[in-house]
Amino acid sequence: MIHRFRLTGATICVSCLLMILFGISASVSWAKDIVPVGEKVAVDAKGHDIYQINANGIRIGYKLVGSGEPLLLLTGLGGTMESWVPELIEEASKKYQLIIMDNRGMGYSTDNGQKFTYRLFAQDVIGLLDALGVQKTNVLGYSQSSVTTQNLLLYSPDRINKAIIHATSTDGKDVAAVFKHIALPDNPTIKKQIQAAMGWKTPLKKMALIKNQVMLLVGTADTVVGTKSSKILASLIPGAWLVQFKGGTHHLQFEAPAAFTRIVLTFLAMDETVPAKQNP
């Protein structure tokens, strides 16, 4: 039976009220999981479906793992969506729905011949989020994609909730110089990624404008990017965390997977914003 009450001349359905109240309550928590779109093109070793969508002039490969608030994982130079440490995927997917994508020209993402830039990489990310109907997500950007994450925070901050900038640089020329002494695969996409790095310099004066909650994460023995850039950005972004792993290299997540995963999830779970005091 549906009970009705008359209030101020309007008939109100109790069941409708409950639905409205439930809807308000549900909106406080995460509404619903992302539904995959696009063409299913493969299945990974764990049985997760891999899809491709058309966005920003290319086909972007991605997969969804887990359930909950979205967390976008953006991998580094030469990496694919399979390059993340398994422990991070396993633990993070218990609380978050992971959006794991391939960078332009790698894995299941195509390359339309356009010159690589970090702004372009960030636009690829927004294209994927738009296709999935994701208005806002947390993001973890590693190495090359840590700079993509800088761009997302600078130019699309409303699409980002919390951001983890892992193993980053403020001057790509320094990083490109390091890669000259590292044996890399003879891959045209990787060469274009290095060219993109050479053209990057963080607009440091703009970093103070970032209002998102941000964590800088780096190993003290990272010989690819060093720690200087992370320290500079942590000093400029209001309220940013700086976490340094003693002895950790550029491959920190594989050297200390449990601790790496723990600090990522700790940062994402914590709201360090202190409410403003109310005047009596």
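A residue counts as buried when its relative accessible area is under 20%, as exposed when it is over 50%, and as partly exposed in between, using a 1.4 Å probe and protein chains only. At 1% relative accessibility, A167 therefore counts as buried.

Good morning. The structure above is a predicted model, in which local features need pLDDT of at least 70, side-chain atom pairs count only at pLDDT 80 or more, and totals for chains, interfaces and linings use all residues. Residues are numbered from 1 along each chain as its sequence is written, and side-chain values use heavy atoms, with hydrogens and water left out.

Let me begin with the overall picture. The protein has 9 helices and 11 strands; these are DSSP runs, numbered from the N terminus, with helices being H or I of at least four residues and strands being E of at least two. Of its 280 residues, 48% count as buried. A contact means heavy atoms within 4.5 Å. Among contacts between residues at least 6 apart in sequence, 72% join residues at least 24 apart.

I turn now to helix α3. This helix covers residues 118-132, 15 residues in all, and reaches 21 Å from its first C-alpha to its last. That is close to the 21 Å expected at 1.5 Å a residue, where the expected span is 1.5 Å times one less than the number of residues. How many of the 15 residues of α3 are buried? The count is 11, so α3 is largely enclosed by the rest of the structure. Among the buried ones are Y118, F121, V125, L128 and L132. In an α-helix there are 3.6 residues a turn, so residues three or four places apart point the same way. After α3 comes G133, whose phi is positive, near 75°.

Which helix packs against α3 at an angle of about 75°? The partner is α4, residues 144-155, and the two axes lie 8 Å apart. Axes here are lines fitted to C-alpha atoms, for helices over the stretch in contact, and angles run from 0 to 180 degrees between N-to-C directions. This makes α3 roughly perpendicular to α4, the label for angles of 65 to 115 degrees; under 35 counts as roughly parallel, over 145 as roughly antiparallel, and the rest as oblique. On the α3 side, the residues that meet α4 are Y118, R119, F121, A122, V125 and I126. Their counterparts in α4 are Q144, V147, T148, N151, L152 and Y155.

Next, the nonpolar cores. A nonpolar core is a set of buried Ala, Val, Leu, Ile, Met, Phe, Trp, Tyr and Cys residues joined through side-chain atoms within 4.5 Å. The largest one has 37 residues, and L98, L217 and V264 have the most contacts inside it. Helix α9, residues 257-269, gives this core its largest share, 5 residues. A second, separate core of 34 residues includes I58, I160, A163 and L216.

The C-alpha atoms of I263 and L217 are separated by 9.1 Å, although the two residues are 46 apart along the chain. With the same exclusion of sequence neighbours, I263 touches M215, L217, V243 and F245.

Where is A167 placed? A167 sits in the loop between β9 (160-166) and α5 (172-179), and its phi is near 60°, a positive value in a residue other than glycine. Most residues other than glycine have a negative phi. S143 also has a positive phi, about 55°, and is not a glycine. S143 is found in the loop between β8 and α4, and counts as buried at 12% relative accessibility.

Finally, I come to strand β8, residues 137-142, which contains N138. Is N138 buried or exposed? N138 counts as buried, at 1% relative accessibility. Its side chain makes a polar contact of 3.0 Å with the side chain of E69. A polar contact is a pair of N or O atoms within 3.5 Å; within protein, one must be able to donate a hydrogen and the other to accept it, and residues adjacent in sequence count only if both atoms are side-chain atoms.
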